[in-house]
Amino acid sequence: MTPTDTNHGPLVDAKAQLAEAVAHLGCEAGVHRMLATSRREMAVSVPLRRDDGSTAVYEGFRVQHNFSRGPAKGGLRFSTAVDLDEVRALAMWMTWKCALVNLPYGGAKGGVAIEPRDHSQAELERVTRRYTSEILPIIGPEIDIPAPDVGTDEQTMAWIMDTYSASVGHTVPGVVTGKPISLGGSLGRATATSRGVAHIALMAMSLRGIDPEGATAAIQGFGKVGRGAARFLADAGVRVQAISDVDGAVWSDEGLDVQRLGAHADETGSVADFDGAEQIDPASLVTLDVDVLVPAAVEGVITAANADRVRASIIVEGANGPTTAGADAILAETDVLIVPDILANAGGVIVSYFEWAQANQAYQWTERQVKDRLEERLTRAWHDVVEYSGVHHMSYRQAATALAVRRVIEAHELRGLYP
Ligand SMILES: NC(=O)c1ccc[n+]([C@@H]2O[C@H](COP(=O)([O-])OP(=O)(O)OC[C@H]3O[C@@H](n4cnc5c(N)ncnc54)[C@H](O)[C@@H]3O)[C@@H](O)[C@H]2O)c1
């Protein structure tokens, strides 16, 4: 890990984090190699009959990193940036995330290298169903359970559930999470990740002695995670001064009206050109002078090239892998507090677990039960990480990864190696 390694991709970073945890925990080289490697990977080509009758073909992947603690769990991403190494890294982080918040899951991730905005709903449905049928042999409620991620949503999950159910001959709600409520989705799932991000941000502010009332925040990404995080932080009194998306960024000294900005984004498809704010350079968002920075878009946005200009006191990683290893090394020399992705955005997979449990029980919990149990689990994981970091003099990322890797190794050792 050197401050100049800005652009080597998330898999290199994920493996470096694992190596550090293993060095700290002192595990056997063979076990380290096993944890550095996916258990199962599937690459598929996904042909699409377009609305105009032509045929397009997209690359798709499903990677299952680990099953030691239970079935694999992880999102499905639709983005042109998807490639096998990215999916491998995201799957590995899912293993650590599930272990850190004590869910009975291993990690997985999927992706299709497609730009969803270039396709009609009918085309997205056909792509989703074809991809599902390609990966069907390796998913299932006891094998691997997909969920929404960048570029996918509850409608995508409904198509996956229907395709899987049609193939096995009966309805299987537990094959995906993040479904619409009317198909067995959990109350509170849609906002779970962002609620968790805000909950963690408030705990980090409290630790740093920052009063949320009047504190400032900047949020990168205005999708499922960024948008809710902006709303929950604004509800707690935080002035959300800047928000960006892939098309632009807006800033207001007194704080953005998040609800009005949401209505503008719904109407125009972007936060850009919102009349209640100044337009700013999206690249400047991560270096704004705010109390809390929430990267909630894609990986690799805080790099060795801009880390020395980060002025936030706290970074809450709503996105997976937004801080490169090079940036981490630079920020370790400052007093910026980084709450790592596997803790900060774990709210989504926690409520996915609740949704899966509800599907298995065929019983729906109330929204209050979901919220309370979410906050309880996240708070417990937060205290585990803060304590471990204090005892072992580590960053929160190092502490969170070490705790998670230790739990996965423990499960592996208890099960033993077959045969
Ligand atoms: N959805 C979940 O439940 C969940 C759970 C845990 C982690 N995450 C992670 O959170 C991040 C965002 O996921 P999401 O579900 O909100 O996706 P999304 O597709 O709903 O939204 C992504 C947002 O990021 C913006 N964006 C994309 N590229 C950008 C760039 N280069 N600069 C600025 N903005 C950019 C998009 O315009 C959009 O506003 C991802 O890293 C994802 O893996 C999501």
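Me: What covers the buried residues of α12?
Reply: The cover includes α3 (84-100), α6 (192-207), α10 (341-344), α11 (347-361) and α13 (396-415). Contact means C-beta atoms, placed from the backbone, within 7 Å. Helices (H or I, at least four residues) and strands (E, at least two) are DSSP runs, numbered from the N terminus.

Me: Ground rules for the model and numbering?
Reply: It is a predicted model: local features need pLDDT of at least 70, side-chain atom pairs count only at pLDDT 80 or more, and totals for chains, interfaces and linings use all residues. Residues are numbered from 1 along each chain as its sequence is written.

Me: Back to α12. Which residues of α12 are buried?
Reply: V370, L374, R377, L378, A381, W382 and V385. Buried means 20 or more other C-beta atoms within 10 Å of the residue's own; exposed means 12 or fewer, and partly exposed is in between, with C-beta atoms placed from the backbone.

Me: What follows α12?
Reply: H393, with a positive phi near 50°.

Me: Switching to the ligand. How many residues surround it?
Reply: 24, and the closest are G221, G223, D245, A319 and G348. The cut-off is a C-beta atom, placed from the backbone, within 6 Å.

Me: Which element gives the largest share of that shell?
Reply: α7, with 3 residues. α7 (224-235) and β7 each supply at least two.

Me: And by class?
Reply: The shell has 10 nonpolar, 11 polar and 3 charged residues. Nonpolar is Ala, Val, Leu, Ile, Met, Phe, Trp, Tyr, Cys and Pro; charged is Asp, Glu, Lys and Arg; the others, Gly among them, are polar.

Me: Which domains does the shell draw on?
Reply: At least three residues come from each of domain 1 (1-37 + 188-345 + 395-419) and domain 2 (39-172). Those bounds come from an automatic or database domain assignment.

Notes
Contact = placed C-beta atoms within 7 Å.
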